[in-house]
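Trainee: I have a new structure open and would like to learn how to read it. Could you walk me through its features?

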Amino acid sequence: MDKNTVIGLLLIFGLFMGFSFYQTNRNQKLRKAQEEQMTAQAAQKAEEEKTLSLESDTTETDSAAAVSLTPAQMFSSPQVADENDYIVETAKAYYAFSKKGGYLKHLWLKDVYRYTPKDSAKIMLELFEGGTNEMSIKLMLRDQTEIATKDCYFLSDGPDSVVIDEKHKTLSLRLYPNAQGDSNQCQTQDSKSYIEYLYSFDNNDYRFGFKVRFVNMDKYLYSNKHDYTLEWNAQPRSVEKNYEAEKMLTSVYYMDNTEDVGNLDERKDDAKEFTSALKWVSFKQQFFTTTLISEGKPFNSGALSVQAPVKEETSVLKNCAAVLDFEVDDLDKGAFDMSLYVGPNQYKLLKNYDLKLERQVPLGWGFFLLHWVNRFAIIPVFNWLDAYGLNYGLIILILTLILKVVLLPVSYKTYMSSAKMRALKPEIEEISARYPKDEDMMKKQQATMALYKSAGVSPAGGCLPMLLQMPILIAMYRFFPAAYELRQQSFLWAEDLSTYDSIWDFGHRVPLYGDHMSLFTILMTIATLFYTWLNNKLMNPTQGNKDQQRMMNMMMYMMPIMFLFMFNNFSSALTYYYLLFNLATFAQMFIFRAAVNEDKLHAKLKANMKKPVKKSKWQLKMEELQKQQAQMLKQQQQQQKRK
């Protein structure tokens, strides 16, 4: 590579970096301006609403006697001014159910913690922090007025706090209608009629039952309507170290009537409507998921949507929404059975439910070979090693060694292919000297291929074994960032193997690189560069001119440099594995080199060249066809001469 080429590449790289830095600053300024504009609009809207509210209050005060009951007042209101939630405790979690609405408002998972910086106090992980989960059922009254259960108060006959054990396994929340009449009668409840949210728990399960029961409600609800709509909205908040990675993996998943699992786009706002049945719908984060499952009858139809938060600095990952239609045949004694799973997005845990919930773990489901490698090779071995209680850094090391042993025949075949081509280097150099000119390139290639053929060497012999290794490397790329087991597991300087390791936080973002420096990524890059150099040194040079060879070498060295930027924000378990894989490959290469005598190999190949080349049936058939064509051509020429 001459000086001009180097200068040109440096200038291109400098222009690319400069443009990226300019674009980043420009986007930040635009985003800031948009946020200021939105804040001003929100303040103006709030002021207008305040003015309208004051005017409305004045009007209502003047005509208080004429005001009728609001739809929400048709149902039970709190007996006392108590807005505390109903609390349920199991061996797995604390659940908080809102008195106003009766839905699961938020929960805390036991022995599971949100990310906090190193040496900081642990904080129990709270999903739907601040009550960012809401469920509501639309009801139509006798006069066809619609109300939502989220505006009504649910009452419990038991204590507000329940500990699940052998005797206590349910939480019953009931919405009682008020007796018909004037405003003085609105507080009189009809205790024989109600809508019940019946939650049933297993002490050691993240999944719990959720049944909606209608008891003697025909006289209060519109009797011709038997289909109801459940509206579910949630704003999952960040609980991991890497907000961007967590946000990227947050979306809405579902199982349709064909039992296929799909999801809305994770990279942009998306929405989808269903006119057919749905079995379950899930709001999935990186390592946790909340899934609403129909038991028995499926949801008749639905509409799902996911949107990114408006403000970038918020801890909200996505705005998730589901509108699900279900049917209740009898308003006096009908019910719709559901269940909720709220817990880890862990493959082996979700698979036990036999509902394809494990499809939410990103193992490369869109590619046939990738998820098969993960499901039937990597995950079973990983779980087997995990059962011994080893440190996860050691588990990854053992897993790497096991895979290298399994791939040993493939690696040996790859090495032998390159060794044979190296052994034939003197003969190849002789051919190159025989055809030094570029216009003789075709003759040189034909002579080289004839040499390989006579020696019994296949130039593509090392490609197929390498291709067989690629699915495993890509499967690991999917597995490690998705493995719940690695969450908050430390190893060496990495405090959490599920996310990036950092030995230096910059305090600002560097374009294309990030705001930190990952040591495992640096070591992986160095190892890859060394492997590239060693491989180029041992391999036979590519046949072609020197400029092409230099360009090829430059491209091979550019790839590891690109890895430095690409993997800086990736799971440290992944970069640690790739580092180990390269180191194991070095050791394997030196063992093969010590075991294979290339002088003896060269002598064997020269002996092969003296033997007649055994032709395949296809080659013999082609030669026979060529002879027949030549004979026919000769006969035609003789006939033309006679004429």
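Trainee: How many bridges join strand 12 to strand 15?

Mentor: Welcome! Please keep in mind throughout that this is a predicted model. Six bridges link strand 12, residues 251-256, with strand 15, residues 278-284, and the two strands run antiparallel.

Trainee: What is the order of the open sheet of five strands, and how do its strands pair?

Mentor: Its order is 4-3-2-1-7, and the pairing is mixed. Here the edges are strand 4 (124-127) and strand 7 (161-163); each has a single partner strand, so one side of each lacks a neighbour in the sheet. The twist in this sheet averages 15° from one strand to the next. For a closer look inside, pick strand 2 (residues 93-97) and strand 3 (residues 104-113), which pair in the antiparallel sense over five bridges. Y95 stands opposite L107 of strand 3.

Trainee: Is F128 buried or exposed?

Mentor: The cut-off for buried is under 20% relative accessible area. F128 has 2% relative accessibility, so F128 counts as buried.

Trainee: And what about D354: what is its phi, and where is D354 found?

Mentor: D354 is also a residue other than glycine with a positive phi, near 55°. D354 belongs to the loop between helix 3 and helix 4. To judge its surroundings, use the cut-off for exposed, which is over 50%. D354 has a relative accessible area of 71%, so D354 is exposed.

Trainee: Now the empty spaces. How does one look for them?

Mentor: The general idea is that rolling a probe the size of a water molecule over the atoms shows where empty space is left. In this model, the count comes to two cavities of 30 Å³ or more.

Trainee: How much space lies in the largest cavity, and which residues lie nearest its centre?

Mentor: The largest cavity holds about 90 Å³ of space. Its lining has 14 residues, and Y347, I379, F479, A483 and E485 lie nearest the centre. Helix 3 (347-351), helix 4 (368-386) and helix 9 (463-482) are the elements that each give two or more residues to this lining. Helix 4 supplies the largest share, three residues. Sorted by class, the lining of the largest cavity has nine nonpolar, three polar and two charged residues.

Trainee: Which residues line the second largest cavity?

Mentor: E240, K241, N242, Q286, F287, D496, S498 and T499 line the second largest cavity. The volume of that cavity is about 40 Å³. By class, its lining has one nonpolar, four polar and three charged residues.

Note on methods: Residues are numbered from 1 along each chain as its sequence is written. This is a predicted model: local features need pLDDT of at least 70, side-chain atom pairs count only at pLDDT 80 or more; totals for chains, interfaces and linings use all residues. Side-chain values use heavy atoms; hydrogens and water are left out. On a 1 Å grid over the protein atoms alone, a cavity is a set of points where a 1.4 Å probe fits but cannot get out, and a pocket is an open set with protein on both sides within 12 Å along at least five of seven lines; lining residues have an atom within 4 Å of a point. Grid points are joined across faces, edges and corners, and a volume is the space filled by probe spheres set on the points. Helices (H or I, at least four residues) and strands (E, at least two) are DSSP runs, numbered from the N terminus. Ala, Val, Leu, Ile, Met, Phe, Trp, Tyr, Cys and Pro count as nonpolar, Asp, Glu, Lys and Arg as charged, and the others, Gly among them, as polar. Two strands pair if DSSP finds at least two bridges between them. Axes are lines fitted to C-alpha atoms, for helices over the stretch in contact, and angles run from 0 to 180 degrees between N-to-C directions. Buried means under 20% relative accessible area, exposed over 50%, partly exposed in between (1.4 Å probe, protein chains only).
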